[in-house]
Amino acid sequence: MAKLLCSSTGRHRLLALATLLLVQFMTGMAAAAKKAEPVIGDIDQPMQFAIVRSNNSGCEPICPQWIWARGAIEPGTPAVFKRFLKKVGKLKLPVVLSSPGGDIDAALAMGRMIRERNLDTGVGTAYLTGCPAGERDCFAKQKQAGVYFGVIIANNVYCNSACPLVLAGGVRRFASGWAYVGVHQITTTYTRERIFYREKYKIVRGKKRVTEKRIVGRKTLGSYQSTKLPKATERKVQAYLKEMGIARSYLATAQGTPAADMRKLDQSEMLGMNLVTGDASVGELARGGLCDALPLAGNCVDISGRGGAAEAVSFLPRPATGQTSEPMRFIVVQADKSGCDARCPAWISAEGRVDDKTPALLDETLKSLGGRKLPLVVSSTGGNLDAALRLGRAIRMSGLVVVVGRTDVVDCGSDGRGCASKPAGNARYRGGASSRSAVCTAECTILLASGIQRLAGQFSAIGWKGAPTAEQIETHFKEMGVNPRFLSEGPWELLDERGQWRLFRMNLLTATLGVEAVVEGRECKGQPAPNLCYTPPT
């Protein structure tokens, strides 16, 4: 005999309230970011995951990598994350989060996966920089390789609602004071369903004995939401927070904020709750110099095949960031802009390591300019100390402006080698310059300190790796009017707005501007045009 029965079911979900703080760092940032993020969907779409490798040109062949997690946390996200971690293998890659929140049970499951693998977490997003303009199928090749190139952005990103519970799963947990970490009440959604069963039973000695029972249909009767926290849910969340070492005050703060609102946690609150383990930003997970010292950090991955940390990646396309491991070369480049004709801004590109021949090469280039004083746009990991000191004095005596930046020359190829066969100084080159992925570390900072004006933009890496061993380094900084305290505060991560101000206060920078401001070219429309508005001789 069959009998139809019905019952009701319910579940809860932490509703996400997205509060996105968008601040453009410079003209065109929004368009560039949109173009640079083809592999990760919109922030409100289900969470997706990708591996990103630092595009810092000074770190290869051993560079930091991280997992970029962006999007809404849905009930099925833990299963997707689990499959993704299997592909990651034994690599201990930190998880960089950007999410409006989502399902609370899913967030707890993800946090436990992260803690089980002893991974770090941080609030941030990625800006993909490994594809030069005009290169076809670049991101497709990186997708095939399973690794993208980029930098971590720690500012003006958010991790709201259920997302901080995933953040709590990290062994080390990072969130910049400029990031938005928001909490509010847990909202439980109850859904009433009529469930129809087909039940088979038989009568044995006058008693009913069920032999089979299965669902044959469902009908939704409606749903409603409540901000009253069920005791079972409260116990579950508090047990998780205790497990992760997070203070009970976290849940009290969240429940004290209406579900329709969002409470931004400041740095002191996050430290007090132990939601973050320090005041460093997420950029610490991929800062310049991270993979220079032993023992290597767990997310430093060697692609040379010599067996660096963890595993080598089978194939990685090299990013177009200049040949900073080769001897420094100087070329004069004019901005490749339409409409500026012969009055486009120009600069001297200086990329590569400093050696004994570098000061003479700069002198040769300056002579070819006939007295013009163009800005020196440099990207270098340093080199010979004595040569760097001589080069620095020559820069100051010549009255040059020094800017940290990477130059992409139109007709040199993606690796920059096409320019090496052409004469320096007299050839006419066209291209662009960017702060992103530019690097000025070790002896290169001597060159930066020597400029009569000194600029560096966000997303460039600047720092002295390790304690300076020569007294003349500190002496040179003092002579150039730069606070030598800079030498003891490295290595530095990729610059953000606060990093620029720190360097400005030490007088290593004379303005918080990047190379983009130098080559933009508005000044070239006025009269008289400045020196940088110059056409190199053909």
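**Exercise 1. Which residue caps the N-terminal end of H10? Work through this helix.**

Before starting, note that this is a predicted model, in which local features need pLDDT of at least 70, side-chain atom pairs count only at pLDDT 80 or more, and totals for chains, interfaces and linings use all residues. Residues are numbered from 1 along each chain as its sequence is written, and side-chain values use heavy atoms, leaving out hydrogens and water.

*Step 1.* Find the helix: H10 covers residues 385-398. Helices here are DSSP runs (H or I, at least four residues) and strands are runs of E (at least two), numbered from the N terminus.

*Step 2.* Look at the start. Asparagine 384 is the cap, with a side-chain oxygen 3.1 Å from the backbone nitrogen of aspartate 386.

*Step 3.* Look just past the end: glycine 399 has a positive phi of about 65°.

**Exercise 2. Find the buried residues of H10 and what covers them.**

*Step 1.* Apply the cut-offs: buried is under 20% relative accessible area, exposed over 50%, and partly exposed in between (1.4 Å probe, protein chains only).

*Step 2.* In H10, Ala387, Ala388, Leu389, Leu391, Gly392 and Ile395 are buried.

*Step 3.* Their cover includes helices H9 (358-368), H11 (444-450) and H12 (471-479), along with strands E17 (376-379) and E18 (401-404).

**Exercise 3. Describe the pair of tryptophan 501 and phenylalanine 504.**

*Step 1.* Rings of Phe, Tyr and Trp (its six-membered ring) pair if their centres lie within 6.5 Å; planes under 30 degrees apart are stacked, over 60 edge-to-face, and the rest tilted. The whole structure has four such aromatic pairs.

*Step 2.* Tryptophan 501 and phenylalanine 504 are edge-to-face, at 5.2 Å centre to centre with 80° between the planes.

*Step 3.* Because they are three residues apart in helix H13 (residues 497-505), about one helical turn separates them.

*Step 4.* Tryptophan 501 is partly exposed at 40% relative accessible area, and phenylalanine 504 is partly exposed at 31%.

Terms used:
Expected span 1.5 Å × (residues − 1). Contact = heavy atoms within 4.5 Å. Polar contact = N/O pair within 3.5 Å; in protein donor to acceptor, adjacent residues only side chain to side chain.
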